[in-house]
2 protein chains.
Amino acid sequence: VELDPVDPGRMALLVEQLGRFGANAHGGVDRPVYSPAWRDAQDFVAETMAGVGLSVSRDQAGNVFGRLEGRSSDSVVLTGSHIDSVVDGGRYDGALGVLSGVAALETLVATGVAPSRPVEVVSLCEEEGSRFPGASYFGSRAILGLVGEEELTGLRDADGVTIEDAAREAGPDLRRLGECRRSDISCFVELHIEQGRRLQDAGAQIGVVQTIAGLKWLRVVVRGRTDHAGATRMEHRSDALQGAAEMVSAVDAAVRSRGGVSVATVGQLRVLPGAPNIVPGQVEFVVDFRDTTQQSVDALEADIRAACSSVAEGRGLEAELEVLRATPPLELDQRMRQTISAATAAVGVTTLDVDSGAGHDSQTIGRHVPTGMIFVPSRDGRSHSPAEYTSPQECAVGASVLAMTLWQLAWED
Amino acid sequence: VELDPVDPGRMALLVEQLGRFGANAHGGVDRPVYSPAWRDAQDFVAETMAGVGLSVSRDQAGNVFGRLEGRSSDSVVLTGSHIDSVVDGGRYDGALGVLSGVAALETLVATGVAPSRPVEVVSLCEEEGSRFPGASYFGSRAILGLVGEEELTGLRDADGVTIEDAAREAGPDLRRLGECRRSDISCFVELHIEQGRRLQDAGAQIGVVQTIAGLKWLRVVVRGRTDHAGATRMEHRSDALQGAAEMVSAVDAAVRSRGGVSVATVGQLRVLPGAPNIVPGQVEFVVDFRDTTQQSVDALEADIRAACSSVAEGRGLEAELEVLRATPPLELDQRMRQTISAATAAVGVTTLDVDSGAGHDSQTIGRHVPTGMIFVPSRDGRSHSPAEYTSPQECAVGASVLAMTLWQLAWED
């Protein structure tokens, strides 16, 4: 088949239109789940789906679906991503996967040929967990029946609002979340910005994702002793921040000495009591570390623990370490990867096999149904930032590859 | 003269009684200026002053004075300290200087001999600046006419309450602050806990303070670039916290390599945006550093600036440095130091000449009238902490030395 390529102008318009919802003063996007900006954005997505000829439905999590019926009522080929953003995020993370799905289906509808099985594009809610920490992948977990009852009242935003109350404000009734469960999905394919710069560095147009990295969060509490910053001589101190600073450096050295695709980050750190004239008695920080095999994640954890313990011992400080969160790596379905590669060949674009350091809805869904991911380039690798950018041409190439992938999955299969 | 020694039991009782005001659940004291606990504590001090035969007055800053008239209406010999505390502070910092003044005057009144000049003990307000950052030494500055008009509405607590409104709630009318000005003070002597451990280590009962260290606060802002913690390879990062951690270590190394009495502390540090899965784009921290000569303070500042700039340059980060606060060192009045030394000899206690790393009301008052300071031991040097402790015996020795010092200044002079 020769599908019409998706038009770069069409993609630029869609990105610009969706990017208006939650746009802040300095070019970023603030679109936390169930906020007015999020609700308006989902309405825009629903209207756009209807506009290209899809039948729209919503579920009680707040996910929006656009469906193209097939010649059989066989199980569904699903594509999509999420539209919630981190605080001061960009216009592409998640959003581009939803818009590319709509644009791809627009092209496929234009062929006038009905698919052999139903195809749906979904706009998922709360992938980031940025409004409700701990709620990551809420929309995809709802579809899979993986949201715990206790989350509805236990997950609260910074103002203490429960996710159940926040959802009611926006429309969805989370007490009916059980109705979201879908058992009719045959496979999932998600397009996403790379959030790294391997495609840019290699000059490749499309990344075919092989593995989504596993992640752990290790919380470290360092305990020393508060003392007067003026009256306590240097040799009499047990300064928790001096210990933590050495640990932060040691974590970086440990991950760099492993080389390869391992990454580790200290992005959150709190000093107590936190006055300029008091020697810190306690410091708490979180290490986020990731790799593509469970063995490497575990080895990295051992290195980080050893580094922190060694610093604490050398300084006579206490260090308490606790795993807050762990997501195993996921190797994506081999047949889905082959299908995406075949689609890139049919469209005629340059590709690179890549791994994803970031987590995605695909990581949750991919444990239950065959899943594939398509990456498009991120300028300078920037993401979770107003600086996110993928050119209209690059977006159009991605949507065209997605359209061809869906064709193979739902028309030719 | 042979003065009756102050009774340890009397000191223990006074410390215990004053320590009840603002006592928190874990043995600490929360007594921010103009709070209900502070007001009740000043009332207790006023009653105790009256109880030992002093005439009590209050000024419009909230300072409480107990006065013993002299045979002449010559200028006043003043002693005292402050009763406001840091958050979760101890029962001795400041409070012991007020209570020792009252106990010393009780002993002196008991001699039945009127002083040749008036003697007063003062309980000063807001030395710490812990409720109103920037208001340090508010009570002593009010006496000296050094409070700026703009402070009354410009200084606000964490809830946004101005110092003027907070004072009105507790009684004082800060619009009449001009009336606090005293030009009749001939000299000042302050007893305080050491807040270090040189007296304990040397086995000395009393420290005769020579110099109060000068201080600077240097604010450092480190700017890198936010990136995704999973998708950004280690070699592509500009991590502001990795830079700041190296600077924090370098500041410590710089001050230690100077040796001597130099100290430097990073007690406040903030990471932005502060999420575990975002590479930090900005870190702000404050370096508090002190030494006993201005030359050493300035040399230390140069070392710290060089260390931070060198780290920033090596990592391609931006570093912005700004002095937030600077207090010059103060060498205390030589004649007052000699008087205190003579008093320790008369009482028969072991002494050590020491410098003060901490700032005190004496540092403000001592720039205007001859001032001396008496230190008593701090167990393990602990201060600004519920762990502050000076034994009743050590407190009594301090109060006895203070009584003999006041005798020499106001009776024999």
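Modeller: The size of an interface is often given as the accessible area lost when the parts come together. In this predicted model, chain A and chain B bury about 4,800 Å² between them, 55% of it on carbon and sulfur atoms; buried area is the accessible area (1.4 Å probe) that two parts lose on being put together, summed over both. On the side of chain A, A:His228, A:Met234 and A:Pro276 lose the most area to chain B, together 15% of what that side buries.

Colleague: What conventions apply?

Modeller: Residues are numbered from 1 along each chain as its sequence is written, and chains are lettered from A and ligands numbered from 1 in the order in which they are written. Local features need pLDDT of at least 70, side-chain atom pairs count only at pLDDT 80 or more, totals for chains, interfaces and linings use all residues, and side-chain values use heavy atoms, with hydrogens and water left out.

Colleague: How many residues does the contact take from chain A and from chain B?

Modeller: Contact means heavy atoms within 4.5 Å. The contact takes 56 residues from chain A and 57 residues from chain B. Because 100% of the interface residues of chain A are also interface residues in chain B, the copies meet through the same surface.

Colleague: What rotation superposes chain A on chain B?

Modeller: Two copies of a chain are related by a rotation about an axis and a shift along it. Here the rotation is 180° with 0.0 Å of shift along its axis, at RMSD 0.1 Å (least squares on the C-alpha atoms of residues with pLDDT of at least 70 in both). That is the relation of a two-fold axis. A:Ala245 has the C-alpha of chain A nearest the axis, 2.3 Å from it.

Colleague: How many salt bridges are there between chain A and chain B?

Modeller: A salt bridge is a side-chain nitrogen of Lys or Arg within 4 Å of a carboxyl oxygen of Asp or Glu. The count between the two chains is two. B:Asp227 pairs with A:Arg382, their closest N and O atoms being 3.5 Å apart.

Colleague: Is the pair B:Glu301 and B:Lys216 buried or exposed?

Modeller: Both residues are buried (under 20% relative accessible area, with exposed over 50% and partly exposed in between; 1.4 Å probe, protein chains only). The closest N and O atoms of their salt bridge are 2.6 Å apart.
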